Amino acid sequence: MKKPSFTYALMMLLSVVAIISVGILAFDVEIQMLMFISMFTLIPFMMGLGYNYKQIETSMFKSMSKALQSGLILLAVGMLIGTWMASGTVPTLIYYGINLISPRFFLVSALLFTSVVSLTTGTSWGAIGTAGIAMMGVGATLGVPAGITAGAVISGAYFGDKMSPLSDTTNLAPTVAGGTLFGHIKHMLWTTVPAYTITAVIFTFMGLKYTAETVNAESVNQLLTYLSSSFSIGIIPMIPIAVLIGLMMMKKPALPAIFIAAVVGGIIAVAYQGFGFSEVLNTMYSGYSVEAGIETVDSLLQRGGLTSMLPLIALFLFALGLGGMLADSGVLETLIGSFAHRINHTGTLVIVTVIVSYVTLAIGGAIYFSTVMTGTLMKPIFERMKLKPENLSRILEDTATQAGALIPWTGAGIYTAATLGVPVIAYLPYTFLAFITPMVSLFYGITGLTMTRMDKEEVQKVRVRREREKKLMMKSLEANS
C-alpha cells in the first residue's frame, strides 16, 4: 500500500463531501444512506492505493466496533424516554415548566423551558418541534418578534441536546474522541455554564420590554389541560430524574445508570400512573404512544422506545466506518500533515479545531458528519499534545452541535426554520448560546485553563493502543494480502 498524495487524499475527502451535500440538499436523502454509499465510494480509491477488499473491510469493521458501547447506551436511552413518558416524568416537567412562565420574563422562561424539555428527552429537534412551537405561540400573543422567540427556543433546545446523556450527539462526540460519556458531560460544564448564564441574562433584559397580563395561546392551554387530566402530576414522577442524577453523581457507568432510571420509570408508570406491566414493556421497546387528537400533545409525547434508536445506531456505525476508512487509508494523515507540525500550542489547536468543525459542518451539511470528520482529523494532534479526549469532544459539541441550526442548508437548519416558521436569517442574530460558547472555548484554549492533560499512565495507554492498532492492521494486511 502506498501513501496518498495530498491531491489524491483531497479527492477522496471531497468525494464523500459531495455525496453527502448533494444527497441532503438536492434529494433530501437520509444521512445514514449517504454515509453508507460514501463508504463504498471510497473502496475503489483505496484499491488504487493497493488495498484489497478484505483489507478495506477490516478497516471498516475495526472502526465500527467502537460504536458498540454507545449503541447499547442509546438503546437504554430509548427505553428510558418511553418509560419516562408513561411514568409522567416528562409530562410533569412540561406542566410545571409552562405554569412557571411569566409574561414579563417570557424570553428567559422560553429558554429555560425548552432547555428542560431537551435535557430530559435528549433531542433538540423534539424540543423545537413541541415546546418550541408552543413558545412561538405564546410569544406571538405577547408581541415578541418571531426571530427573538426562536433564538431563545433554539438556544435552550441545543443546550439540553449537548448536555443530556440521552442525546445522540452527546454520545457520538466522546465515542469519536475516545472519551467517556459522563467525563465528556462534566468537562462541557466549563464552557456551557458560563455561556448559558450570559445567554439567560441577555434574554432576561431583552424580555423586559414585552409585557402582558395573561397568556392565552390556545396550543399551550390545550397541552396543560391534557397533561393534568391524563397524568398524575406531582413529586413522585420526578423520582426517576433523582435516581439518574444520583447515579451520575456517584460516577456509575452510563449504561446501567440509564437502564436503572428507565426501570424506575417503568415501576412508577405501573404503580402510580396505572399502566399495565405488558404496556410498560411494550413502551420500552416501541415507545410511548398517544392519540389525543391534539397536534402539540401527540408530537410532544409520542416518542421513545428501543426501536427509535436503531436509525441513530446505524448512523454511528456508518459514520465510524467511514472515518476509519479515511484514517487507515492515510487520507487524514496526509491532510493533517499539511498543517499539524505547526500546531504546538493549545490556543492554536483549539482555533484550528473550531475552524475545521465549522467548515466540515458547512460542506457536509450534517452535525454528525462534522463531528466524525473533525474528531477523526484532530484526535491524533490532541494525543500528541497529551490532551485528554474530553477536550476534543467538548469543542465538537461547542461548535458543530450548536451551529447546526444556524446554517440554512444543513438538515438542522432546514428543519428548524420550517418547524418554527422563521427563516434562519431572522433568528440567527439571537442564538446567543451558539456564539458565546465557542468564544469561551477559545478563551480556555488560549489561556490553557480547563485544558486537562493526560497523566503518565494515560499517555502510556495511548502509546500501547497505537502500537496495538498498528500491529493488528499490519497483521490483517499480511493475512489478507
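Glycine 23 is part of helix α1, where helices are DSSP runs (H or I) of at least four residues, numbered from the N terminus. The model is predicted: local features need pLDDT of at least 70 and side-chain atom pairs count only at pLDDT 80 or more, while totals for chains, interfaces and linings use all residues. Residues are numbered from 1 along each chain as its sequence is written, and side-chain values use heavy atoms, with hydrogens and water left out.

With a relative accessibility of 4%, glycine 23 counts as buried (under 20% relative accessible area; exposed is over 50%, with a 1.4 Å probe and protein chains only). Beyond its neighbours within four places in sequence, glycine 23 is in contact (heavy atoms within 4.5 Å) with Ala18, Asp28, Val29 and Leu34.

## Helix α1

Helix α1 covers residues 6–27. The buried residues of α1 include Met12, Val16, Ile20 and Gly23. Viewed down the axis of α1, the buried residues lie within an arc of 165 degrees and so line one face of the helix; the arc is taken from the directions from the helix axis to the C-beta atoms. Thr7, Ala26 and Phe27 are exposed on the other side of α1.

## Packing of α4 and α9

Helices α4 (residues 67–86) and α9 (residues 168–177) pack at about 165 degrees, their axes 10 Å apart; axes are lines fitted to C-alpha atoms over the stretch in contact, and angles run from 0 to 180 degrees between N-to-C directions. The two helices, α4 and α9, are therefore roughly antiparallel (over 145 degrees). Ser70, Ile73 and Leu74 of α4 meet Asp168, Asn171 and Thr175 of α9.

Terms used:
Expected span 1.5 Å × (residues − 1). Parallel < 35°, antiparallel > 145°, perpendicular 65-115°, else oblique.
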